[in-house]
Amino acid sequence: MIGYRSIAIAFLATMASTSPAPANKFDGHWSMIAETTRGHCGIISVGLGIQRGRIYATGGSFAFNPIKLSGRVAASGKTRMTAITGPRIAHGAGRFGRLSGRGTWSGTGPSGLCSGVWSATRF
């Protein structure tokens, strides 16, 4: 029978060999603007955060609904993201650089289809 001491040593050895995921060079706080080039969605400001390559919203709303963001940023800067606000959903793609990013988006909602471009600035 294995004693508690042996189990504890095995557990600690496993924890010591497991390192956390490395930070992504794009991690931080960003300000993003989504501009509509087709449809009636207007200009939308979103606070965007990136942590270990994962995208999340830090603020912003559209049509009185908070904006929820999800997505990933690859080591190359290439990104795909999804924004949801109330009954509306949009998908975006693009690329982040060290201090800025840009891309395109398209979505659907109660007022129909919208699409456009997005740009982001790190602060």
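Visitor: In this predicted model, which residue of S8 is the bridge partner of Ile84?

Guide: As a general idea, strands of a sheet pair through backbone hydrogen bonds, in either a parallel or an antiparallel sense. Here the bridge partner of Ile84 in S8 is Ile89, and strand S7 (residues 78–85) pairs with strand S8 (residues 88–96) in the antiparallel sense over eight bridges.

Visitor: Into what do the eight strands close, and in which order?

Guide: They close into a barrel in the order S1-S2-S3-S6-S7-S8-S9-S10, with antiparallel pairing, and neighbouring strands of this sheet are turned by 30 degrees against each other on average, direction ignored.

Visitor: Does Thr82 count as buried or exposed, and why?

Guide: Thr82, which lies in strand S7, counts as buried because its relative accessibility is 19%, and buried means under 20%. The side chain of Thr82 makes a polar contact with the side chain of His91, at 3.2 Å, and among the residues that Thr82 touches are Lys68, Leu69, Ser70 and Ile89.

Visitor: How many cavities of 30 Å³ or more does a search of the whole structure find?

Guide: Rolling a probe the size of a water molecule over the atoms shows where empty space is left. In this model the search finds one cavity of 30 Å³ or more, and about 350 Å³ of space lies in the largest cavity. Of the 26 residues that line the largest cavity, Ala34, Ile44, Ala83, Ala90 and Trp105 are the closest to its centre.

How values were computed. Residues numbered from 1 in each chain as written. Predicted model: local features only at pLDDT ≥ 70, side-chain atom pairs only at ≥ 80, totals over all residues. Heavy atoms only, no water. Pairing = 2+ DSSP bridges. Helix = DSSP H or I, 4+ residues; strand = E, 2+ residues; numbered from the N terminus. Axes fitted to C-alpha atoms, helices over the stretch in contact; angles between N-to-C directions. Buried < 20%, exposed > 50% of the residue type's maximum accessible area, 1.4 Å probe, protein only. Polar contact = N/O pair within 3.5 Å; in protein donor to acceptor, adjacent residues only side chain to side chain. Contact = heavy atoms within 4.5 Å. 1 Å grid on protein atoms, 1.4 Å probe; cavity = no way out; pocket = protein on both sides within 12 Å on 5 of 7 lines; lining within 4 Å. Points joined across faces, edges and corners; volume = space filled by probe spheres on them. Lists of a residue's contacts leave out its neighbours within four places in sequence.
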